[in-house]
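Hi,

Here is the structure for you to look over. My notes on its aromatic rings follow below.

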Amino acid sequence: MHPTTIARVLLAGAVLAALAGCSGGSHRKDEAMGSKPPVDHAQQQQQAVQGLPGMPPVLDPHDIYAADRPGELSPVVKDFPSRVYVPNTNANTVSVIDPQTYKVIETIPVGRQPQHVVPSWDLKTLWVNNDLGNTLTPIDPRTGEAGEPVDVHDPYNLYFTPNGKYAVVMASKDRELVFRDAHTMKVAKAVPVSCYGVNHADFSLDGRYFIVSCEFSGELLKVDTEKMKVIGQQKLPFHGAMPQDVKISPDGKKFYIADMMADGMWIVDGDKFGKPSFLPTGKGAHGLYISRDSRVMYISNRGEGSISVFDFQQSRLTDKWHLPGGGSPDMGGVSADGKVLWLSGRYNSEVYAIDTRTGEELARIKVGSGPHGLAVYPQPGRYSLGHTGIFR
């Protein structure tokens, strides 16, 4: 080979090697949690997911949270003012916080024992679950005004099927999953369950089933969405287990269930629904929240005033943030830009704003007694599956 040709080949090889080195770097700890993950070109060859009939198409079968990137607000909500809605269970009110000033700007009277503030499937309404009041109070997130309560029995928590057809009421005391029309809340089917304390859930990648936690009997249910039927049930292998929040992994293969008595989270293959593994996180593990880049999950440990950080790719805990002075971090959500984790302080009548990059407490805001399932709104996503904001 001619010397000039050899030189050109060597130069081309060096350039390609350099480019390969640049594209393969791992995510640094000092990168913002809201940054987009590196592009995996192999994953761009995506197969179609046969979802629940009527469900919006899955954007990325390798990342169920692909629609939840920083600032990617639906046209439905893009003009809504940014607010944090906090249901005060003991005070029968909802505190409304301006996240820019960290101040309570309004207190809305609602029904008895409000548990969660839940975005509707179509993103247009926030439903306050007045559990002992047996009503749902609608709030217009555009104006912040509350409407006339709707009669719904025992609405401890509220979810929506991925096709937007039904609301699913977690009727904890009634021991039922009640499928209702997503708009009128008229009952379509009440499904009795044999476990105690149905409270949290999340849906599979294709939306065809969902996993439910039963906190008072330490059990999990698997429910067929379309048939509205329990198709699996298992007891968690821990005496006194008390499962709470449920979240699916970005790749849709695993479900994570926080357990406030086992002090960690269970990990179960949703399709197989076999015996779960367990990962200790901290005392009173309660809420689970996904970062805007789908890389990590924040776990609120209510019993010790801390937040654990779980890395999905590494499948391990990478950090733990302790609230200065302690606290009782419970339920909440991540800001639209991914920079702030908002959590209620269940037993301290306060709300915490936490920097998702450093774990620093940005603010501690006094609210009413017994703050529980607060909703940060609006958030990115095409539609809501319920709870305090599960978006796809």
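Are tyrosine 166 and phenylalanine 179 buried or exposed? Both tyrosine 166 and phenylalanine 179 are buried. Please keep in mind that this is a predicted model.

Now the ring pairs. The count comes to 13 aromatic pairs. One of them is phenylalanine 80 with tyrosine 377. Their ring centres lie 6.3 Å apart and their planes meet at 40°. Phenylalanine 80 has 9% relative accessibility, so it counts as buried. Tyrosine 377 has 1%, so it counts as buried.

Back to tyrosine 166 and phenylalanine 179. Their ring centres are 6.2 Å apart. Their planes stand at 90°, so this pair is edge-to-face. Tyrosine 166 lies in strand 10 (residues 166–171), and phenylalanine 179 in strand 11 (residues 176–181). The pair therefore ties together parts that are 13 residues apart in sequence. Tyr166 and Phe179 also form one aromatic cluster with Phe203 and Phe210.

Last, charges over rings. Arginine 175 has its charged end over the ring of tyrosine 196, 3.8 Å from the ring centre. The charged end of lysine 222 sits over the ring of tyrosine 209. Here the distance to the centre is 4.3 Å.

Best wishes

Definitions and conventions: Residues numbered from 1 in each chain as written. Predicted model: local features only at pLDDT ≥ 70, side-chain atom pairs only at ≥ 80, totals over all residues. Heavy atoms only, no water. Phe/Tyr/Trp six-rings, centres within 6.5 Å; stacked < 30°, edge-to-face > 60°. Buried < 20%, exposed > 50% of the residue type's maximum accessible area, 1.4 Å probe, protein only. Helix = DSSP H or I, 4+ residues; strand = E, 2+ residues; numbered from the N terminus. Lys NZ or Arg CZ within 6 Å of the ring centre and 35° of its normal.
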